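I want to look up a few helices, some side chains and the pocket, one entry at a time.

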Amino acid sequence: MTLPTAADEARFWTMLENAWAGLGPEANDLRRALAKRDTSTEAFDEAAQLEEHLDRVLVALREAAADLSSAELTALDRVVERKLHDIDRRDVHEVTDGSDDGFLYARGFVVALGQEFYEAVARDPRIAVEDASAESFCYLFAHLHSEKFGDFPETGSGITRESFANPAGWRD
């Protein structure tokens, strides 16, 4: 089983933060506020506003990754896969809801908002938002790899990003 390295994780989070930074302070303040919000309040409006920014974030990530090698894209995809897998948990699903694909896209939203939001949700799933979605983010680096090198990367992780596949997250 191949795990993401600390350097790969750092690179991933830095690339994502840089992509968000290009949107200016309003979007970034909203992201940070969502990560620190009082969980007794709903956050549908904030999540919807952030979803509107995701296309630009994805464009910035694609541009930042355009010249990366197969190994580098595979490493970034491995990080995304691991992050999505690690929050594939019953307690997260209870907040976000969703079918197989819907729950994957909800977890994609959590990761796509950045390390601060991801870690907040990992600690306290009530920070997550119901019905928020980032479908295109879930396989971004895999699709880039396929476009550039003709196939999807083999992460060697022994896990999947698909929903309800993390045994530790679904113990009764």
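Contact, in these notes, means heavy atoms within 4.5 Å. This is a predicted model, so I keep to its rules: local features need pLDDT of at least 70, side-chain atom pairs count only at pLDDT 80 or more, and totals for chains, interfaces and linings use all residues. Residues are numbered from 1 along each chain as its sequence is written, and side-chain values use heavy atoms, with hydrogens and water left out.

**Entry 1, Arg 11.** I looked up Arg 11 and found it in helix α1. Helices here are DSSP runs (H or I, at least four residues; strands are E, at least two), numbered from the N terminus. Which residues does Arg 11 touch, not counting residues up to four places away in sequence? I noted Leu 68, Glu 72 and Leu 76. Arg 11 is partly exposed because its relative accessible area is 33%; buried means under 20%, exposed over 50%, and partly exposed in between, with a 1.4 Å probe and protein chains only. I also checked Arg 11 against Arg 31: they are 20 residues apart along the chain, and their C-alpha atoms are separated by 20 Å.

I tested the length of α3, residues 44-65. The expected span is 1.5 Å times one less than the number of residues, so the 22 residues of α3 should span 32 Å, and the end C-alpha atoms are 31 Å apart, which agrees. Where is the kink in α3 centred? On His 53, with a kink of about 35°; the bend at a residue is the angle between axes fitted to the seven residues ending there and the seven starting there. His 53 is also on the buried list for α3, along with Ala 47, Leu 50, Leu 54, Val 57, Leu 58, Leu 61 and Ala 65. A reminder to myself: an α-helix has 3.6 residues a turn, so residues three or four places apart point the same way. The buried residues of α3 pack against α1 (6-21), α2 (25-35), α4 (70-86), α6 (100-112) and α8 (140-149).

How many of the 13 residues of α6 are buried? Ten, so I wrote α6 down as mostly covered. Among the buried ones are Phe 103, Tyr 105, Arg 107 and Phe 109. They pack against α1, α2, α3, α4, α5 (90-96) and α7 (115-123). After α6 comes Gly 114, with a positive phi near 110°.

Is Lys 83 buried or exposed? I have Lys 83 in helix α4, and it counts as buried because its relative accessible area is 9%. Leaving aside neighbours within four places in sequence, Lys 83 is in contact with Glu 9, Trp 13, Val 111 and Tyr 118.

In α8, I listed Leu 140, Phe 141, Ala 142, Leu 144 and His 145 as buried. The buried residues of α8 pack against α1, α3 and α4. His 145 has a relative accessible area of 3%. Its contacts, not counting residues up to four places away in sequence, include Ser 70, Leu 73, Thr 74, Gly 150 and Pro 153. Gly 150 follows α8 and has a positive phi, near 90°.

Most residues other than glycine have a negative phi. I flagged Asp 97, which is not a glycine but has a positive phi of about 65°. Asp 97 sits in the loop between α5 and α6 and is partly exposed, at 40%. Phe 164 has a positive phi of about 65° as well; I found it in the segment after α8, partly exposed at 36%.

Of the 14 residues that line it, the closest to its centre are Asp 77, Glu 81, Pro 153, Thr 155 and Arg 161. A pocket, on a 1 Å grid over the protein atoms alone, is an open set of points where a 1.4 Å probe fits, with protein on both sides within 12 Å along at least five of seven lines; lining residues have an atom within 4 Å of a point. By class, I noted five nonpolar, five polar and four charged residues in the lining. Nonpolar covers Ala, Val, Leu, Ile, Met, Phe, Trp, Tyr, Cys and Pro, charged covers Asp, Glu, Lys and Arg, and the others, Gly among them, are polar.
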